[in-house]
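Here is a report to read with the structure open beside you. Take a moment to turn the model around before you start.

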Amino acid sequence: WFYGDSSYPSYNKLMEYAIDMINRHPNLHVMLAHAFFKSNEPDEVEKLLKDHPNVTIDLAPGGEMFDGFRIYYEKWYRIFRKFSDRFMFATDASTSRSTEHMTNLSQNVLRFLQTEEEFAFSDVNSAHGIGLEKEPLENILYRNLISLMFFHILQPRNHNSHIKSTH
């Protein structure tokens, strides 16, 4: 993280802003990138998911994310299964990077989700796969995305629900 000349909000302040927004707008659907930068705080993530059913967490990797998942393996092992409907496969790769880089990112995320292998994610970060079973794996890889994409079709809303009847 870079906060420049300290005129930018700190990491803790940014997290506070995000949680405050989620608390103030419980019906807002929010996707938090990079495991919300909280892979070293699984209890906090579990509470967030438990308390806020409209929060989804993406798995666009940073090396530190896999370190946290490895260090708190038993907790994350359980959380990924319990809340598999709330995690989203992601890579955070862009076309500004090489095809090889993008392929490596997606393969590492898949390897993490599909196997229980320990492997190097980068020169300084390592991962320990969580070996998800078929249903939670499919949730994270594509079902959650389909639900998100078609939410407005699957969950029609009464856009006039805020208007009180005068009858």
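## The overall layout

What you see is a predicted model. Its secondary structure comes to seven helices and five strands.

The protein has 167 residues, and 40% of them count as buried. Now take the contacts between residues at least 6 apart in sequence: 63% of these join residues at least 24 apart.

## A sheet of three strands

Look for an open sheet of three strands, in the order β1-β2-β3, with parallel pairing. Its edge strands are β1 and β3 (87–88), and each of these pairs on one side only.

β1 and β2 run parallel and are joined by three bridges, and Val30 stands opposite Val55 in β2. Two bridges join β2 to β3, again running parallel, and here Ile57 stands opposite Phe87 in β3. Helix α2 packs on this sheet and touches β1, β2 and β3; the direction of α2 makes about 140° with that of β2.

Which way do the residues of β2 point? Val55 and Ile57 point one way, while Thr56 and Asp58 point the other way, and all are buried.

Helix α1 has 14 residues and reaches 20 Å from its first C-alpha to its last, close to the 20 Å expected at 1.5 Å a residue. Its buried residues are Tyr11, Met15, Ala18 and Ile22. They sit on the same side of α1 because they cover an arc of only 65° around the axis.

What covers these buried residues? The cover includes β1, α2 and β2. On the face of α1 turned away from the buried side, you can find the exposed residues Asn12 and Arg24.

## The largest nonpolar core

The largest nonpolar core has 34 residues, and those touching the most other members are Phe69, Phe80, Phe87 and Leu113. Several elements each supply at least two residues of this core, among them the helices α1 (11–24), α2 (42–51) and α3 (63–71) and the strands β1 (30–32) and β2 (55–58). The helices α4 (73–82), α5 (99–114) and α6 (134–149) also each supply at least two.

Pick out Phe80 to see this in detail. Leaving aside its neighbours within four places in sequence, Phe80 is in contact with Leu59, Phe69, Phe87, Phe112, Ile130, Leu132, Pro136 and Ile140.

## A closer look at Ile79

Ile79 is found in helix α4. Is this residue buried or exposed? Ile79 has a relative accessible area of 0%, and buried means under 20%, so Ile79 counts as buried.

Which residues does Ile79 meet from beyond its neighbours within four places in sequence? They are Pro42, Glu46, Leu49, Ser84 and Phe87. For another view of how the chain folds back, find Val45: Ile79 and Val45 are 34 residues apart in sequence and 8.7 Å apart in space, C-alpha to C-alpha.

Conventions. Residues numbered from 1 in each chain as written. Predicted model: local features only at pLDDT ≥ 70, side-chain atom pairs only at ≥ 80, totals over all residues. Heavy atoms only, no water. Core = buried A, V, L, I, M, F, W, Y, C linked by side-chain atoms within 4.5 Å. Buried < 20%, exposed > 50% of the residue type's maximum accessible area, 1.4 Å probe, protein only. Helix = DSSP H or I, 4+ residues; strand = E, 2+ residues; numbered from the N terminus. Contact = heavy atoms within 4.5 Å. Pairing = 2+ DSSP bridges. Axes fitted to C-alpha atoms, helices over the stretch in contact; angles between N-to-C directions. Expected span 1.5 Å × (residues − 1). Arc of directions from axis to C-beta.
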